[in-house]
There are 2 protein chains.
Amino acid sequence: MKAIVTVTLKRGVLDPQGQAVAGGLKSLGFDEVRGVRVGKHIEVELGGDGAQARERVTEMCKKLLANPVIEDFSVRLEGEGA
Amino acid sequence: MKAIVTVTLKRGVLDPQGQAVAGGLKSLGFDEVRGVRVGKHIEVELGGDGAQARERVTEMCKKLLANPVIEDFSVRLEGEGA
């Protein structure tokens, strides 16, 4: 089964990459852009029967995939709604 | 309004970052991990009334946010389903 992890910077944390992208879009003529935030989209393919998959993937986020000090994360198992 | 852009590597394109993450997870004891793919999650805040927002954001993807040669992208407007 597949788990989709989305990692985003917490509100209030500066995002220089997002600012650079916003600047690039504006210079291309996309004047309606008010701001951009860039995060990570991580797809984790898991073996096994998927029991406790959500708990395991949450543990992966806390230990490696996200930095809980400055980042939020969400876990979605494939087949679930957003 | 806000648009969520997800950029992922096309199937078949090597993902060294994903391989490194998968190796890290396995070395932490997550033996059920079969593979990891890493992409980008981009939140674009738009001014205006949102008319043609989807077309504009798709254009942003083609021009700057994604590399259509090696990456796929999807656009979701906030309030829509996944």
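The following dialogue reads the fold, the overall dimensions and one residue of a predicted model.

Me: Which secondary structure elements does chain A contain, and in what order do they run?

Reply: Such a reading starts with the elements and then takes their order. Chain A has two helices and three strands. Starting at the N terminus, the order is β-α-β-α-β.

Me: How is the radius of gyration of chain A to be read against the globule rule?

Reply: The value is set beside what the rule gives for the chain length. For the 82 residues of chain A the rule gives 12 Å, whereas the radius of gyration is 16 Å, so chain A is more spread out than a compact globule. The C-alpha trace spans about 50 × 25 × 15 Å along its principal axes.

Me: What share of the residues in chain A is buried, and what share of the contacts joins residues 24 or more positions apart?

Reply: Of the 82 residues, 38% are buried. Among contacts with a separation of 6 or more, 65% are between residues 24 or more positions apart.

Me: Where does A3(A) lie, and is A3(A) buried or exposed?

Reply: A3(A) belongs to strand 1, which covers residues 2-9. Its relative accessibility is 0%, and because burial requires a value under 20%, A3(A) counts as buried.

Me: Which residues does A3(A) touch, leaving aside those up to four places away in sequence?

Reply: The contacts of A3(A) include I42(A), V44(A), L46(A), V57(A) and L77(A). E43(A) and R76(A) are also touched by A3(A). I42(A) is 39 residues from A3(A) along the chain, and their C-alpha atoms are separated by 8.2 Å.

Key. Residues are numbered from 1 along each chain as its sequence is written. Chains are lettered from A and ligands numbered from 1 in the order in which they are written. This is a predicted model: local features need pLDDT of at least 70, side-chain atom pairs count only at pLDDT 80 or more; totals for chains, interfaces and linings use all residues. Side-chain values use heavy atoms; hydrogens and water are left out. Helices (H or I, at least four residues) and strands (E, at least two) are DSSP runs, numbered from the N terminus. The radius of gyration is taken over C-alpha atoms; the globule rule is 2.2 Å times the number of residues to the power 0.38. Buried means under 20% relative accessible area, exposed over 50%, partly exposed in between (1.4 Å probe, protein chains only). Contact means heavy atoms within 4.5 Å.
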